[in-house]
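Please keep the sequence and the structure in view while reading the points below.

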Amino acid sequence: MEDALNRRNEDWVNIVRGLVFTPVDNHKEARASQRDNTSAEESETLLANHQDKKTKGIYTPTSHLFLAGDLNYRTSDTAPLPSDTLAYPQPASSPTDPHHYCHLLGNDQLSRERKAGRAFHGLTEAPITFPPTYKYSKKAQLRAGSNASMTKWEWAKHRWPSWCDRILWLDCPVWMKTESSSTRIEVGKYDALPLNPTSDHRPVVLGLRVPLKAIPAPKDGEGEDDPRMNPPFAIDPKWRERRTTARMKEVLVGLFAYLLLTWEGLVILLALVVGAFGGWAIVRSMPEF
């Protein structure tokens with residue numbers, strides 16, 4: 001929905017606060033995997049260092065960060081009117097053409113929120129040089145399935161064409177660039193792939209050249225403005241409880257989906273129903289003493 005901007009920004013907050021990475025705590029497996037190639041003394045050293053690792057969020061001083069997905073940001077804060085469909089973008093070679101997608105790109109919510117510091121703190125995006133990735137009509141999806149060339153963009157009329165699907169990244173930190181001015185992430189290509197008949201989105205692809213060297217730990221006083229050192233939001237202190245609850249819900253949803261949406265599940269469900277009814281019938285038929 002076009003008017004759900006605050007909810008999308010809240011999704012970003014929840015990602016930063018709730019996406020936590022923890023060290024593997026199964027030390028027996030770690031010890032067994034190194035038994036053949038590592039001495040006992042070396043293994044104990046590795047395990048001791050392993051135990052010192054702490055939980056980390058997505059912003060980490062010595063890690064890269066790449067974010068990709070259907071982030072769902074739109075190009076308007078309100079739903080389109082019937083007359084707005086006349087201004088929807090169409091294939092045009094010149095940016096001066098009123099139907100060129102660049103005119104709609106200026107209203108992109110994600111770019112606005114990122115530049116204002118309300119979302120995707122510190123992340124970078126390559127210039128967008130492809131048409132909106134959402135929302136294509138059913139007619140467009142059928143056309144995509146027939147391998148017909150897309151000479152016209154068929155948009156769903158109840159949504160503004162938007163760049164919902166994006167890829168962003170966090171550039172190399174300043175303390176890494178001070179060692180070498182050429183140390184940076186370079187963009188190769190950022191483009192949208194062809195429409196798939198099973199989706200109303202066009203997927204996007206990004207090619208990057210990342211330095212083949214580890215990000216060093218910063219020295220004292222370095223990178224205080226880098227979100228790696230000062231994340232925009234603290235990790236949720238109840239992230240463990242929330243993750244446990246979410247996993248329980250996943251198991252329940254998966255179980256019900258298996259029972260109701262697969263032939264095997266339906267057979268099991270039918271057997272349980274028949275068995276329960278049969279047991280009830282047997283109990284009812286037993287004489288009372």
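Helices and strands are here DSSP runs, a helix having at least four residues and a strand at least two, and they are numbered from the N terminus. The model described is a predicted one. Glutamate 2 is found in the segment before helix H1.

**Overall organisation**

- The protein contains nine helices and five strands.
- Read from the N terminus, the order of its elements is α-α-α-β-α-α-β-α-β-α-β-β-α-α.
- Of the 289 residues in the protein, 32% are buried.
- When contacts between residues at least 6 apart in sequence are considered, 74% of them join residues at least 24 apart.

- Serine 162 is 160 residues away from glutamate 2 along the chain, yet their C-alpha atoms are separated by 9.7 Å.
- Leaving aside residues up to four places away in sequence, glutamate 2 touches several others, among them Arg8, Arg74, Asp77, Gln109 and Arg159.
- Tryptophan 160 is also one of the residues that glutamate 2 touches, and the side chain of glutamate 2 reaches the backbone nitrogen of tryptophan 160 at 2.9 Å.

**Helix H1**

- Helix H1 comprises residues 5-18, which is 14 residues.
- At 1.5 Å a residue, helix H1 should span 20 Å, and this agrees with its end C-alpha atoms, which are 20 Å apart.
- Which residues of H1 are buried? They are Leu5, Arg8, Asn9, Trp12 and Val16.

**Aromatic pairs**

- The structure holds nine aromatic pairs.
- One of them is formed by tryptophan 12 and phenylalanine 120; this pair is tilted, with 4.9 Å from centre to centre and 40° between the planes.
- Because tryptophan 12 lies in helix H1 and phenylalanine 120 in the loop between H5 and E2, the pair ties together parts that are 108 residues apart in sequence.
- Both tryptophan 12 and phenylalanine 120 are buried.
- Tyrosine 101 and tryptophan 163 have ring centres 6.1 Å apart and planes at 65°, so their pair is edge-to-face, a class that requires planes over 60 degrees apart.
- Tyrosine 101 counts as buried at 13% relative accessibility, and tryptophan 163 counts as buried at 0%.
- Ring pairs also link Trp12, Tyr59, Tyr73 and Phe120 into a cluster.

**Backbone features in the loops**

- Phenylalanine 120 has a phi near 55°, which is a positive value in a residue other than glycine.
- At 3% relative accessibility, phenylalanine 120 is counted as buried.
- Asparagine 72 likewise has a positive phi, near 70°, and is a residue other than glycine.
- Where is asparagine 72 placed? It is in the loop between E1 and helix H4 (102-105).
- Asparagine 72 counts as partly exposed because its relative accessibility is 24%, and this class lies between 20% and 50%.
- The peptide bond that joins tyrosine 134 and lysine 135 is cis, with omega about 0°.
- Lysine 135 is found in the loop between E2 and helix H6 (138-145).

**Cysteines**

- A disulfide is a covalent bond between the sulfur atoms of two cysteines.
- How many disulfides are counted when two cysteine sulfur atoms must lie within 2.5 Å? The count comes to zero.
- Cysteine 164 counts as buried because its relative accessibility is 0%.
- Cysteine 172, at 5% relative accessibility, also counts as buried.

Note on methods. Residues are numbered from 1 along each chain as its sequence is written. This is a predicted model: local features need pLDDT of at least 70, side-chain atom pairs count only at pLDDT 80 or more; totals for chains, interfaces and linings use all residues. Side-chain values use heavy atoms; hydrogens and water are left out. A disulfide is a pair of cysteine sulfur atoms within 2.5 Å. Buried means under 20% relative accessible area, exposed over 50%, partly exposed in between (1.4 Å probe, protein chains only). The expected span of a helix is 1.5 Å times one less than its number of residues. Contact means heavy atoms within 4.5 Å. A polar contact is a pair of N or O atoms within 3.5 Å; within protein, one must be able to donate a hydrogen and the other to accept it, and residues adjacent in sequence count only if both atoms are side-chain atoms. Rings of Phe, Tyr and Trp (its six-membered ring) pair if their centres lie within 6.5 Å; planes under 30 degrees apart count as stacked, over 60 as edge-to-face and the rest as tilted.
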